[in-house]
Amino acid sequence: MHDQFQFRVKPGVTQVRFGDPGWRLGYTKDAVSSHFVYHQLQKEGVIPQSVRFQVCLPLTFSAIGLFFPTPPTPRKSRPASPPHSAPKSPRMLDLIPPEELAIQWDLAVENRLVDTALAREGPAAAEALAARLAAPAAEIAPAIPERVALGYHGCFGTLSGWPSRQPPDLGGSVILLNAMVAASGRRVDFLHLPTLGTADEAFFAPLDRLRAPDAKIYLGAIHHMHDADGLRRQLQTARRHLAEFGLAAPCGFGRAPERPGRLLTAEGSAPPPDILDIIVRDHLSAVELLHETGA
């Protein structure tokens, strides 16, 4: 059963602005409502005061690209909301203190397009495409106050269960994230790159070309694809290409109901009854291993 809505631009329409009145996308409302819960948990001591509230949004091609079988021309689909309106929304920035806020732009479709161009046409074509895909960031990022943390998330996709694809290395992700950093026009505070089950040198070697001097790097290495000692070996390999990095899940915790457990376990698609315990346990174990391998 196919449940992905698809659209086309009506003939004769010269411009589409997805954030214009009539489009009830709800990003600001959901962010403000969730921030209330975050703030309550901080008051109760559940969330440390140093932890920011993160709002994750799809950048332009991830937001609209999959929903147009025949993509509208750039002139018709000026990269408007959701990406362009959310961080500029006075209500979001008025109601969420900037020093508590982090905005992450998710790059699932962008990452796939760059990986494909790299495989088919080589680095020059992939870099040119990445620069075009990063163009919306040049308009959006400078409008985000400096006190708000800004980051980008490379993604291998989740539509058919994570990962939707397995590129041979991190080359496409590095090309894409370099383009985003270059286009941002302000400090980029963090970058997130997914990993797979491999610890091969070739997979991580592109990290030598990552150009993000101000950003903290997080590897999405907490997942079900490792063998018994796979994460340790992966961290050891990554350390030869990154002086410092943190760890995360490859694509957040939010999974469809029929497959959330597949993010962290290899036990089929049904979510274990103790899924939250598994998430916490595996993250704590991964952090211990990160410190151990870095000693």
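**Entry 1**

I began with strand β4 (residues 190–194) and strand β5 (residues 216–220), which run parallel and are joined by five bridges. The model I am reading is a predicted one. I looked up a residue facing β5 and found that H192 stands opposite Y218.

Next I followed β5 to strand β6 (residues 246–248). These two also pair in the parallel sense, over three bridges.

**Entry 2: aromatic pairs**

How many aromatic pairs are there? I count two. A pair of aromatic rings is described by the distance of the centres and the angle of the planes, so I wrote down both values each time.

Y38 and F53 have their ring centres 5.4 Å apart, with 55° between the planes. That pair is tilted, because only an angle over 60 degrees would count as edge-to-face. Where do Y38 and F53 lie? Y38 is in helix α1 (residues 27–43) and F53 is in strand β1 (residues 53–58). The pair therefore ties together parts that are 15 residues apart in sequence. I checked accessibility as well, and both Y38 and F53 are buried.

F203 and F204 form the other pair, with 5.1 Å centre to centre and 75° between the planes. This pair is edge-to-face. F203 is buried, and F204 is too.

**Entry 3: A124**

I turned to A124, which sits in helix α5 (residues 123–133). Is A124 buried or exposed? Its relative accessibility is 61%, so A124 counts as exposed, since the cut-off for exposed is over 50%.

I also looked up the distance from A124 to I175. The two are 51 residues apart in sequence, and their C-alpha atoms are 10.0 Å apart in space.

**Entry 4: the whole protein**

Last, I wrote down the totals. The protein has ten helices and six strands. Of its 295 residues, 49% are buried. I looked at contacts between residues at least 6 apart in sequence, and 79% of them join residues at least 24 apart. The accessible surface comes to about 15,400 Å², and carbon and sulfur atoms account for 56% of it.

Methods
Residues numbered from 1 in each chain as written. Predicted model: local features only at pLDDT ≥ 70, side-chain atom pairs only at ≥ 80, totals over all residues. Heavy atoms only, no water. Pairing = 2+ DSSP bridges. Helix = DSSP H or I, 4+ residues; strand = E, 2+ residues; numbered from the N terminus. Phe/Tyr/Trp six-rings, centres within 6.5 Å; stacked < 30°, edge-to-face > 60°. Buried < 20%, exposed > 50% of the residue type's maximum accessible area, 1.4 Å probe, protein only. Contact = heavy atoms within 4.5 Å. Areas by Shrake-Rupley, 256 points an atom, 1.4 Å probe, with all protein chains shown as cover.
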